[in-house]
Amino acid sequence: MGRTYFVEDSVEQYLQNILDTSGKACVTGLLIGQCSPQRDFVLLAVRTSPKETQSDEVDEEWVVEHATQVSRMLPGGLAVLGVFLGAAPELSIQAQNILRRLVFAVEKSITKARLWKLANDEVHDRVALNICSETKKVLCRSFDVKDPKSSAKPADWKYQTGLSASWPVLECNVEVDLQVPVPADFANRELDKCIENGLKEWVRLIQQCSCILNGKVMGLDKDLLDGTKKKASSQQFVQQPFVVQLLRPSKFKTDDRSTALVQKSSGTVVLKGVVHCKAYIHTNKPKVKDAVQALKRDVLNTVAIRSQMLFEDFYLDPEGYTEKGARTEEYPLPKRVFVPLAGTGVMICDYMFKDEAPKDIQFRIKELLDLDVKEDQLDMLLEIDSAIKLAPKTSHPQSNIVVAEPETSQLLEMFPDDYNPMQLKVGVVIAAGVVLFAVVFSVIFFSD
């Protein structure tokens, strides 16, 4: 039996509009939503961003790059579920081959950028939607992306009103304080790989954290919405917010054998600050473990995305990072900005560098998601920009390592007034409403 995709009814009108106005033989785009064991949900369809040079042929590389950029704008629980293709009836056979290539290529690119992997028992099917540009008839199929040789399976495509209006939202603020040594044999252009390798232990730590939801410990196999009230006029749930605290395990479990390894280091990368994380979960009897997993993955995604974005800027101008001698550079990572998705109960996000303005966010959302948003719709207060001053460099005795130590008073100013430093020592990751945000990327280089 094939999968069933429940689709926000606004998607139907959007697809018809772009087919009527594109003027191209083929129109491609992404389908965004959430998977669950019983059914899948599609909340948004997004056409592929137009290129400067127009062509009727499908540019696979362009579609994949667009999907990679869009995946960065999704909070926990939401993902690119597949692709759609609008084509004339005479291209129907060719369209199926194109859709297959795009589904696998998009999934491969998005998976490569993640710090985590889907478990074997999770849903690996991705949707391929073929739309006839003349009759508007849809042919929905899915592919198991875990199996490169999988064949297309029939799937149902059903529209529904108010699909995500009452989806629960989980939120937390996570304090990040990571130091990643840079091996001496790493080139400047391999710093991103160094960061990815250095974050592996931190990824396992986040995945093993226990959670407190709204001040209560809930069993992972328990229904998240047990006891939640429904609207009197319908059978829909009232959107339930969950404030989450992550608790570090007292004993950190690792699959790797513990060994001591001495490596010559050429520097240190420091990721430090507080990030706001958000995740959404469907209302089809969701389990606590599924909601918590979505939030943890958002924690991993937002840290990885910010460092990736900064390195992309670095590689455009590498000359500033080749000087010899001891030096410390400090760069603010982009802060997260949230935007409500009209007609749904969820928000999307983007990342804003210090030298950017709200209009830059509006432009990117229009270009990548084909959405018009007003400046007053941008929620830029969940992560308030704040500077961290680094104390003068100090050399530790019997060591050539040069470090930069942050001033304690300045660090404390990043947190709420009721912040207790002992919270970090017992492993409670901050979960306040609004926190000062100051993730800083520091690269410490020194000569041989």
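Here are a few friendly notes on the sheet and helices of this predicted model.

1. Start with the sheet. It is open and built from 8 strands, in the order S7-S6-S5-S4-S2-S3-S1-S8, with mixed pairing. At the edges you will find S7 (153-154) and S8 (156-160); each has a single partner strand, so one side of each is left without a neighbour in the sheet.

2. Next, look at one pair within the sheet. S2 (residues 26-35) runs antiparallel to S3 (residues 40-47), and 7 bridges join the two. Cys-35 stands opposite Asp-40 of S3.

3. Now turn to helix H1, residues 9-21. This helix lies across S1 (4-8), S2, S3, S4 (79-87), S5 (125-132) and S8, and its direction makes an angle of about 25° with S3.

4. Which residues of H1 are buried? They are Val-11, Tyr-14, Leu-15, Ile-18 and Leu-19. Viewed down the axis of H1, these buried residues fall within an arc of 125°, so they line one face of the helix.

5. The face of H1 turned away from the buried side carries Asp-20 and Thr-21, which are exposed. After H1 comes Gly-23, with a positive phi near 70°.

6. Finally, have a look at helix H3, residues 92-112. H3 lies across S2, S4, S5 and S6 (138-144), and runs at about 160° to S4.

Notes. Residues numbered from 1 in each chain as written. Predicted model: local features only at pLDDT ≥ 70, side-chain atom pairs only at ≥ 80, totals over all residues. Heavy atoms only, no water. Pairing = 2+ DSSP bridges. Helix = DSSP H or I, 4+ residues; strand = E, 2+ residues; numbered from the N terminus. Contact = heavy atoms within 4.5 Å. Axes fitted to C-alpha atoms, helices over the stretch in contact; angles between N-to-C directions. Buried < 20%, exposed > 50% of the residue type's maximum accessible area, 1.4 Å probe, protein only. Arc of directions from axis to C-beta.
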